[in-house]
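Open the model in your viewer and keep the selection panel at hand. This tour goes stop by stop: what to pick, then what is there.

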Amino acid sequence: MTQSPRPYLGFGLGLRPDHYESVLTETPSVDWFEIISENYMVPGGKPLYYLDQIIERYPVVMHGVSLSIGATDPLNMEYLADLKKLADRVNPSWVSDHMCWTGLGGHNLHDLMPLPYNQDTARHVIDRVKQVQDYLGRQILLENASSYLGFTNSDMTEWEFIAEVAEGADCLLLLDINNIYVSGFNHDFDPLAYMQAIPKDRVWQFHLAGHEDNGDVLIDTHDHPVRSEVWDLYAKACEIFGPVSTMIERDDNIPALPVLLAELDQAREIGEKAWRITDTERKDSNVRP
């Protein structure tokens with residue numbers, strides 16, 4: 001599968017039912033929206049009613065939570081058929097899910113479970129990603145999930161594992177900056193070293209979200225504003241990867257739309273400042289003897 005140059009959509013939000021009416025009546029300054037795929041994999045109803053109108057006005061990307069790419073159960077072909085049907089309807093800029101597993105024996109745990117980072121797991125995930133991409137007829141993005149425990153049979157770092165899967169499966173990546181920070185704190189690794197080891201051309205999207213600080217452990221809750229430490233890490237990510245489509249993700253304690261728009265403006269300011277600096281540095285380095 002030939003990799004296309006990375007598109008740049010700008011700054012977006014996760015589309016949530018709380019904001020359907022505001023989006024349609026106010027046409028807010030959002031460059032694009034991300035939808036949770038499973039919320040629209042239905043035969044009809046209000047979610048699709050609103051979505052059909054929103055995709056006429058904004059670019060949309062699809063983000064799933066049930067692909068279970070790392071599971072040992074066979075791939076759920078019924079799920080994939082519904083996912084493909086939705087993608088044909090929406091024509092998203094891309095489709096993403098998570099580097100994790102979400103169920104066993106046909107039971108969905110409704111959580112993003114971590115993987116052991118070793119060669120056997122990498123080969124297993126690579127094979128499944130290839131099958132999914134062949135079925136959908138497109139590359140997919142996989143997101144790094146936050147984690148709180150590790151496996152004793154892991155013999156690779158998370159970033160080594162992600163890079164190996166991305167290269168081996170020829171897939172793309174969605175970097176969740178908050179998740180990198182959360183997992184770095186919980187597992188005592190350097191988030192900057194993590195990002196520097198990720199293949200830059202495969203990163204097509206950033207997530208920004210809030211987390212809960214419990215002192216000795218951080219929990220990725222998506223119910224807080226983005227914290228200052230994550231903003232700082234995002235600035236570094238912008239310097240490392242260059243312009244990457246960025247969105248704010250809020251799943252609980254969802255505020256009024258203007259609150260999220262203000263947070264999105266903060267992301268835009270940080271990103272555009274970093275990209276101006278790095279572009280200047282790049283031009284300066286080209287003229288040095």
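**Stop 1: a loop residue with positive phi**

Select His-222, which sits in the loop between β11 (218–219) and α8 (228–241). Keep in mind that this is a predicted model. Check the backbone: phi of His-222 is positive, about 60°, although the residue is not a glycine. Is His-222 buried or exposed? Its relative accessible area is 10%; buried means under 20%, so His-222 is buried.

**Stop 2: another positive phi**

Go to Asn-91, in the loop between α3 (77–90) and β4 (95–98). Asn-91 is not a glycine either, yet its phi is positive at about 55°. With a relative accessible area of 61%, Asn-91 is exposed.

**Stop 3: the barrel**

Now show the strands as a cartoon. Which strands close into the barrel, and in what order? There are 8, running β1-β2-β3-β4-β7-β8-β9-β12, with parallel pairing. From one strand to the next, the twist averages 30°.

Zoom in on β1 (residues 11–14) and β2 (residues 32–36). These two strands pair in the parallel sense over 3 bridges. Pick Gly-14; its bridge partner in β2 is Glu-34. Strands of a sheet pair through backbone hydrogen bonds, either parallel or antiparallel.

**Stop 4: aromatic rings**

Display the side chains of Phe, Tyr and Trp. The count of aromatic pairs comes to 14. Start with Tyr-49 and Tyr-50: the ring centres are 5.1 Å apart and the planes stand at 75°, so this pair is edge-to-face. Tyr-50 is buried, at 11% relative accessible area.

Move to Trp-94 and Trp-204. Here the centres lie 5.9 Å apart with the planes at 70°, so this pair is edge-to-face. What does the pair tie together? Trp-94 belongs to the loop between α3 and β4, while Trp-204 is in strand β9 (residues 203–208), so the pair links parts that are 110 residues apart in sequence. Both Trp-94 and Trp-204 are buried.

Then select Phe-206, Trp-231, Tyr-234 and Phe-241. Together they form one aromatic cluster.

**Stop 5: a buried arginine**

Finish at Arg-268, in helix α9 (residues 257–287). Arg-268 counts as buried because its relative accessibility is 18%. Which residues does Arg-268 contact, leaving aside its neighbours within four places in sequence? Select Phe-11, Ser-29 and Asp-31: these are the contacts of Arg-268.

Technical notes. Residues numbered from 1 in each chain as written. Predicted model: local features only at pLDDT ≥ 70, side-chain atom pairs only at ≥ 80, totals over all residues. Heavy atoms only, no water. Helix = DSSP H or I, 4+ residues; strand = E, 2+ residues; numbered from the N terminus. Buried < 20%, exposed > 50% of the residue type's maximum accessible area, 1.4 Å probe, protein only. Contact = heavy atoms within 4.5 Å. Pairing = 2+ DSSP bridges. Axes fitted to C-alpha atoms, helices over the stretch in contact; angles between N-to-C directions. Phe/Tyr/Trp six-rings, centres within 6.5 Å; stacked < 30°, edge-to-face > 60°.
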